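Subject: Structure handover

Hello,

Here is the structure for you to look through. My notes on it follow below.

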Amino acid sequence: MLPWKRLLRPLAALVLTAAVVTLPAAGTAQAATAPSSGWNDYSCKPSAAHPRPVVLVHGTLGNSVDNWLGLAPYLTSRGYCVFSLDYGQLDGVPLFHGLGPIDRSAAQLSVFVDKVLAATGAAEADLVGHSQGGMMPRYYLKFLGGAAKVNALVGIAPDNHGTTLSGLTNLLPYFPGAEDLLKATTPGLADQIVGSAFLTKLNAGGDTVPGVRYTVIASQYDEVVTPWRSQYLSGSDVHNVLLQDLCPLDLSEHLAIGLLDRIAFHEVANALDPAHATATTCASVFS
């Protein structure tokens, strides 16, 4: 693909989501004057309309703030109690997280969910994650008792079955010692490569666990989690969504879909409250 076409993708996404400049700002102002619906406000008590707190799980190289400057205000302005955590930190690496062993990151998520449930008084939480943050919680659900504490998991561009990183991981065997170095220095990256021991364990015996609703929101223009169809899950309570089926004009790639795409955000809201879901279209950018 020509470089200028690659540049057009995020540009088009920005145009489609131009409302993010103004609409979330209004939501942020509302949250500032209503502490009960604030982001990471531990005095927030879930309402009857939204009885479960939402825990946002950032992606690789993300953090609890930067990853959610778009979605967190979007949800708090709609009355959700919203919380986010940092996980997978490496010593000496500030701000860029999600690089530690993913099973340990899942244990951090477990502790955080317990903290949120204790603070809010809720029996269950809903999880929304971007990239690794949409995949890693599945380990928590499957192996760390999370299924009893989680109602729904919404993955935005999750690498559920690993990634080839647009084919780059296929080159690792041609560089002696590269895979070992990756595992030693950034195990969270190594765990996400197609065929890794972590992913083999995670997906053995099925993608899902009973009692949890799963939603996957993917973009066909994803250049990080490849092939993009590998993001989808199989199971009885799974809803796989292709962003371009909702809005063919949406050209969001891996970062844009999680950071600023209000069409994707609208589908997240539908997944969190399916009883009151409304059709997601290109016009959802203004909702």
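What pattern do the disulfides of the protein chain follow, with bonded cysteines counted along the chain? The pattern is 1-2, 3-4. Please keep in mind that this is a predicted model.

Disulfides

The structure holds two disulfides. One is formed by C44 and C81, with the sulfur atoms 2.0 Å apart. The torsion about its S-S bond is -80 degrees, and the link is left-handed. C44 sits in the loop between α2 (23-33) and β1, while C81 sits in the loop between α3 (71-76) and β2, so the pair ties together parts 37 residues apart in sequence. Both C44 and C81 are buried.

The other disulfide joins C247 to C282, again with an S to S distance of 2.0 Å. Here the torsion about the S-S bond is about 100 degrees, so this disulfide is right-handed. C247 lies in the loop between α10 (243-246) and α11 (254-259), and C282 in the segment after α12; the two are 35 residues apart. C247 is buried, at 0% relative accessible area. C282 counts as partly exposed, at 24%.

The sheet

Six strands form an open sheet. Their order is β2-β1-β3-β4-β5-β6, and the pairing is parallel. From one strand to the next, the twist averages 15 degrees.

β1 and β2 pair over four bridges, in the parallel sense. V55 stands opposite F83 of β2. Helix α4 packs on the sheet and touches β1, β2 and β3. The direction of α4 makes about 155 degrees with that of β2. Helix α12 (residues 262-272) lies across β1, β3, β4, β5 and β6. It runs at about 170 degrees to β5.

Nonpolar cores

The largest nonpolar core has 32 residues. V55, L109, L127, Y140 and L141 have the most contacts inside it. Elements that give two or more residues include β1 (54-57), β2 (82-85), β3 (125-130) and α6 (137-143). α4 gives the most, with seven residues. Another core, of 27 residues, lies apart from it; Y74, Y80, A157 and A264 are among its members.

Which residues does L141 touch, leaving out those up to four places away in sequence? They are G146, A147, V150, L153, V209, V212 and Y214.

Aromatic pairs

A search of the whole structure finds five aromatic pairs. Y42 and F83 form one of them, and it is tilted. The ring centres are 5.0 Å apart, with 50 degrees between the planes. Y42 is in the loop between α2 and β1 and F83 is in strand β2, so this pair ties together parts 41 residues apart in sequence. Y42 is partly exposed at 29% relative accessible area, whereas F83 is buried at 0%.

Y139 and F143 make a tilted pair too, with centres 4.7 Å apart and planes at 50 degrees. They are four residues apart in helix α6, which puts about one helical turn between them. Y139 is buried, with 8% relative accessible area. F143 is partly exposed, at 36%. Together with F198, Y139 and F143 form one aromatic cluster.

Best wishes

Note on methods
Residues are numbered from 1 along each chain as its sequence is written. This is a predicted model: local features need pLDDT of at least 70, side-chain atom pairs count only at pLDDT 80 or more; totals for chains, interfaces and linings use all residues. Side-chain values use heavy atoms; hydrogens and water are left out. A nonpolar core is a set of buried Ala, Val, Leu, Ile, Met, Phe, Trp, Tyr and Cys residues joined through side-chain atoms within 4.5 Å. Buried means under 20% relative accessible area, exposed over 50%, partly exposed in between (1.4 Å probe, protein chains only). Contact means heavy atoms within 4.5 Å. Two strands pair if DSSP finds at least two bridges between them. Axes are lines fitted to C-alpha atoms, for helices over the stretch in contact, and angles run from 0 to 180 degrees between N-to-C directions. A disulfide is a pair of cysteine sulfur atoms within 2.5 Å. Rings of Phe, Tyr and Trp (its six-membered ring) pair if their centres lie within 6.5 Å; planes under 30 degrees apart count as stacked, over 60 as edge-to-face and the rest as tilted.
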